[in-house]
Amino acid sequence: MNVLVLTAHGDDMEFFAGGTIAKLCLLGHQVHLVLATDNTKGTFELTRDEMFAVRLSEPEAAGRVLGLASVECLDYADGELADVPLNVLRGQFMERIRHLQPEIVFTFDPWAPYENHQDHRSVAWAAMEAASFSHFPLYHPDQVAAGLAPWLVPQTYFFAKNPRDTNRVVDISGEPIERKIRALWEHTNQMALTVAEAQAQIASAPFDVPTITSLDPRDYREFIANRVRTGAAAVGKKYGLEYAEHFRRTRWGGTERLAEGGVPEDEW
Ligand SMILES: [Zn+2]
């Protein structure tokens, strides 16, 4: 099946759903990634132009680790996605949905609380609407007139910094979490930034965390691996799994409530 991931920045998918995406790729599914922004604010040390030059190379390297079918960037300015009208971004996402005809769309949850990044909020609203209405031919009818058929997205998986109402757990123990970690390692600048930002935050606080503050930010591998394992273990513990990711999932427009005898369990 085709799967489409709609996110804001190069490493969003890997942090929130990298194990699940690795699992889908290992099962032979075609996973396509669309990044809305050019990632050009994710640094303390490089220039905007230097960041722009690697906006695709790092996600593509991570994509090779995971086994993605394609990686695409819409090249909007990082941190400024709120300047893009909702319906413009929705139209671009809907065009990708109608073109790729995915069985599952992954994106940010617009209803999850405390999301401080405008790019995540903008992607969430535009992607949710795109996945909800791409089967309506009079939404963005220019696409239909150009030959793209309307497409009903059967399932949408939402992720968030602070997930709410999760109803789908994916076991990522074994190879999937290993690929998630290795994929994150490919985001060289973003991972160094993650360490450097934690160091700056600790430096502003009345305490020290020597295991972090003593690190060279470019020596991030163990820090990132520990962070991923700790997070996935905490989710897994709730469900009796070693490592897991969880999502709020909607499927079939809620018609599963009407299914006599229930619906089959997911095979993955
Ligand atoms: Zn992000």
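Leaving out residues up to four places away in sequence, His-135 touches Pro-150, Trp-151 and Leu-152; two residues are in contact if their C-beta atoms, placed from the backbone, lie within 7 Å. This is a predicted model, in which local features need pLDDT of at least 70, side-chain atom pairs count only at pLDDT 80 or more, and totals for chains, interfaces and linings use all residues. Residues are numbered from 1 along each chain as its sequence is written.

His-135 lies in the loop between α5 (118–133) and α6 (141–145). Helices (H or I, at least four residues) and strands (E, at least two) are DSSP runs, numbered from the N terminus. His-135 is partly exposed, because 16 other C-beta atoms lie within 10 Å; a residue is buried at 20 or more such atoms, exposed at 12 or fewer, and partly exposed in between, with C-beta atoms placed from the backbone. Of the 268 residues of the protein chain, 41% count as buried.

The protein chain has ten helices and seven strands. The seven strands form an open sheet of mixed pairing, in the order β3-β2-β1-β4-β5-β7-β6; two strands pair if DSSP finds at least two bridges between them. The edge strands, each pairing on one side only, are β3 and β6. β6 and β7 run antiparallel and are joined by four bridges. Asp-171 stands opposite Ala-244 in β7.

Helix α4 packs on the sheet, and the elements it touches are tabulated here.

| Strand touched by α4 (residues 86–100) | Residues |
|---|---|
| β1 | residues 2–7 |
| β2 | residues 30–37 |
| β4 | residues 104–108 |
| β3 | residues 70–76 |

Key
Axes fitted to C-alpha atoms, helices over the stretch in contact; angles between N-to-C directions.
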